[in-house]
Amino acid sequence: MTVRDVAKLLEAEVLSGEDKLDIEVKHGGAADMMSDILALCGPNQLVLTGYIHPQVIRTALVTELLGLVFVRCKNIPPETIKMARQHNILMLQTRLFMFSSCGILYAAGLRGVDER
Amino acid sequence: MKLHFDVPGDDLSLAGKASSELKKALGRLGIDPVTIKRTAVAMYEAEINMVIHAHGGSADAEIGPAGIDIRLQDSGPGIPDLDMAMQEGYSTAPEAARELGFGAGMGLPNMKRNADDLRIESTVGVGTTVTIRITLPGSTTKAP
């Protein structure tokens with residue numbers, strides 16, 4: 001599925017990286033701890049997270065993620081959005097919770113990084 | 001090529017900046033992406049540890065034809081039990097670090113996983129020196 005499909009399925013708003021909507025998402029992951037992202041996720045993957053501190057963007061850059069989906073529609077700090085835009089990191093935001101978001105994407109065919 | 005970074009310990013929002021700069025420098029040198037990612041992740045974890053546990057320190061990177069050598073030094077509290085610290089899930093991260101999304105107990109294991117050679121010398125009350133070696137593909141040079 002493409003990033004556009006993900007955004008549609010999760011009724012998500014695109015906060016950064018609008019030019020990446022037609023990129024094919026091959027694998028997904030979900031984590032709130034930065035070291036878990038660093039350990040388990042990698043280039044071109046989409047990661048769902050509830051963690052909104054700007055540090056998550058730095059982690060996404062180091063890990064070379066395709067982008068991040070922020071779940072539960074929290075008040076994302078402007079610095080996080082600014083940093084994502086500066087580095088053109090894809091950033092989606094959904095009102096759905098983590099569990100539902102993961103379930104919807106899995107049911108639609110997106111597989112985890114451990115199922116490669 | 002040698003690079004030096006001061007890692008400030010008083011501003012958690014800057015944690016990871018040195019690793020990002022090294023990553024960019026490696027990209028400019030045309031190093032392969034897999035090696036760059038391994039280097040960046042290993043150094044990022046070490047840098048974060050230095051900030052959250054030791055009030056910062058310094059990092060030096062040397063990029064040679066055979067590999068990348070990174071040395072991170074701090075004058076922090078030291079690691080009392082290195083064997084425990086190397087175990088996945090073991091963490092002594094303070095609350096402030098957990099608020100930053102760290103403290104999963106994956107830092108040192110992540111460093112080990114990504115480095116070709118990882119050495120940690122630590123003395124309680126004196127500080128810690130972490131040496132990371134990443135071998136470049138095609139190089140047969142062993143770690144010193």
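In this predicted model, helix H1(B) passes helix H2(B) in a right-handed crossing. The axes of H1(B), residues 17–28, and H2(B), residues 33–54, come within 8 Å and cross at roughly 165°, and because angles over 145 degrees count as roughly antiparallel, H1(B) is roughly antiparallel to H2(B). On the side of H1(B), the contact is made by Lys17(B), Ala18(B), Ser19(B), Leu22(B), Lys23(B), Leu26(B) and Gly27(B), while H2(B) contributes Ile36(B), Thr39(B), Ala40(B), Met43(B), Tyr44(B) and Glu47(B). By class, this contact has seven nonpolar, three polar and three charged residues.

Chain B also holds an open sheet of five strands, in the order S1-S2-S3-S5-S4 and with antiparallel pairing. Its edge strands are S1(B), residues 2–8, and S4(B), residues 117–123, each of which pairs on one side only, and the twist from one strand to the next averages 10°. Seven bridges join S1(B) to S2(B), residues 56–63, in an antiparallel arrangement, with Lys2(B) standing opposite Glu62(B) of S2(B).

| Helix | Strands touched | Angle between directions |
|---|---|---|
| H2(B) | S1, S2, S3 and S5 of chain B | about 5° with S3(B) |
| H5(B) | S4 and S5 of chain B | about 145° with S4(B) |

In chain A, Ala12(A) is found in the loop between helix H1 (3–9) and strand S1 (13–16), and it counts as buried because its relative accessibility is 15%, where the limit is under 20%. Beyond residues up to four places away in sequence, Ala12(A) touches Ala7(A), Leu92(A), Gln93(A) and Thr94(A). The C-alpha atoms of Ala12(A) and Leu96(A) are separated by 8.7 Å, although these residues lie 84 residues apart along the chain.

Definitions and conventions:
Residues are numbered from 1 along each chain as its sequence is written. Chains are lettered from A and ligands numbered from 1 in the order in which they are written. This is a predicted model: local features need pLDDT of at least 70, side-chain atom pairs count only at pLDDT 80 or more; totals for chains, interfaces and linings use all residues. Side-chain values use heavy atoms; hydrogens and water are left out. Axes are lines fitted to C-alpha atoms, for helices over the stretch in contact, and angles run from 0 to 180 degrees between N-to-C directions. Helices (H or I, at least four residues) and strands (E, at least two) are DSSP runs, numbered from the N terminus. Angles under 35 degrees count as roughly parallel, over 145 as roughly antiparallel, 65 to 115 as roughly perpendicular and the rest as oblique. A crossing is left-handed if the near helix is turned anticlockwise from the far one by less than a right angle, and right-handed if clockwise. Contact means heavy atoms within 4.5 Å. Ala, Val, Leu, Ile, Met, Phe, Trp, Tyr, Cys and Pro count as nonpolar, Asp, Glu, Lys and Arg as charged, and the others, Gly among them, as polar. Buried means under 20% relative accessible area, exposed over 50%, partly exposed in between (1.4 Å probe, protein chains only). Two strands pair if DSSP finds at least two bridges between them.
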